[in-house]
Amino acid sequence: MTNWLKHQKLLLDLVAQNGTPVYVYDQSIVETQIGKLKQAFKKLPYDIHYAMKANENPAILKIIKEQQLSVDAVSINEIKNALKVGFRPDQIIYTPSCPDTQDLKFAFDNHIHTHIGATEYFDFILKNYPEKKIGLRINPGNSIGGNQKIATGHVNSKFGIPITQIDIIKTYIALGLKIDSLHLHTGSDVKNWQDLARSVDAIFDFARHFDTLKYIDLGSGFKVKYHQDDVEIDLKSYAEYIQQKIAGFPQPIKIKFEPGKYLVSKAGVLLVKVNVVKQGFDKKFIGVNSGFHHLIRPMYYDAYHDIINLSHPDPATEKYDIVGVLCEEDTFAHDRLLAPTKKNDTLMIKNGGAYAYSMSSEYNLRDKPKEFLIHQNTIQDITL
Ligand SMILES: Cc1ncc(COP(=O)(O)O)c(C=O)c1O
């Protein structure tokens, strides 16, 4: 697991000056993760498009850009954000879910390559943009992902065009629809590369129906460690598998990946303050000055996030439920072992770099936390 405790003094000084809650990101961890991906995929003809929904802070996007990565956007505001940071239109791909045709119009007019996830958009495209080359997001009917809520390629999922609709696609190609790429993203937090490989098989088989493809986008789903006993996905074996598929494919083909979590999840933490340690009937609660409005993953996905008492990182000997401040069932962790904790201690909630700030809200009229970036032992306020 990433050693955030080496930043203990820096973080406690930050908290003393700025208060809590705050998100803190470490640039060097983002760079390390990018390096690991580049190493794993080095034998493939690949592009990496960072899924900016994971963390759209412009300072994070700048790191991504400096490392020569591109981006994947899912909304018009994400596209605008990426353009503002300096990504060229050809470095942005757009993979919306059930967009309004006005959104497609914006993307097409701004030369953003778009992955279309429903055949029902084809009439609009043929009528208004008959020359536009599009990508298709397909649904291979492969149920994978760390949690049902992040399984996006099963037969009951709203995402993508079911591969069974190939005849409809062919009809539109005959009418003039221009398709130059295929895309899928079957789920997040996938720990076994063999599960992703089933989607790879499906899309490479499907790709044989097309003779004009520039790339196949395999999405992401790369699991990172949340718990110390978790395993990270074996990307080297996954890359070798893809390499074989490319070798057996009748045309030269490029691969795209769209990692979010893998690049930024462990590069961030959420620092919160203990408001109260309270005795319940049978258990002790630690009530902190944050909640699911700042990190929704435990409540929404039942996700495990490691939590450390940053003020006193002593051996974890006491059991607590760590709960939030919202007037809702709002729990970060049940029956979690932690160092003996008291009011005003700072807790560090790990894996706060992905889907934390970007999924946050101002529910109960509570402010969003500030964001900070550590770079070469200095810490900078990067709040928008
Ligand atoms: C289309 C698409 N691509 C990429 C991602 C990134 O997935 P992950 O954060 O698991 O890498 C997602 C996540 O929801 C997605 O929907």
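Predicted model: local features only at pLDDT ≥ 70, side-chain atom pairs only at ≥ 80, totals over all residues.
I started with the spacing: the C-alpha centres of domain 1 and domain 2 sit 32 Å apart.

Next I looked up how many residues each side puts into the contact. Domain 1 gives 22 residues and domain 2 gives 25.

Then I checked where the domain assignment draws its bounds. I found domain 1 in two pieces, 4-24 and 265-381, while domain 2 runs 27-264.

On to the area. Interface size is often quoted as the accessible area lost when the parts come together. Here I got about 2100 Å² buried between domain 1 and domain 2. Carbon and sulfur atoms give 53% of that area.

How many salt bridges cross from domain 1 to domain 2? I got one across this interface.

Polar contacts came next. I counted 13 residue pairs in polar contact between domain 1 and domain 2, both residues at pLDDT 80 or more.

Which elements give two or more residues to the side of domain 1 that touches domain 2? I wrote down helix H11 (297-301) and strand S17 (370-375). S17 has the largest share of that side, with four residues.

Last entry, residue types. I sorted the side of domain 1 that touches domain 2 into 10 nonpolar, seven polar and five charged residues.

Definitions and conventions. Residues numbered from 1 in each chain as written. Heavy atoms only, no water. Domains from an automatic or database assignment. Contact = heavy atoms within 4.5 Å. Buried area = accessible area lost by both parts, 1.4 Å probe. Salt bridge = Lys/Arg side-chain N within 4 Å of Asp/Glu carboxyl O. Polar contact = N/O pair within 3.5 Å; in protein donor to acceptor, adjacent residues only side chain to side chain. Nonpolar A, V, L, I, M, F, W, Y, C, P; charged D, E, K, R; others polar.
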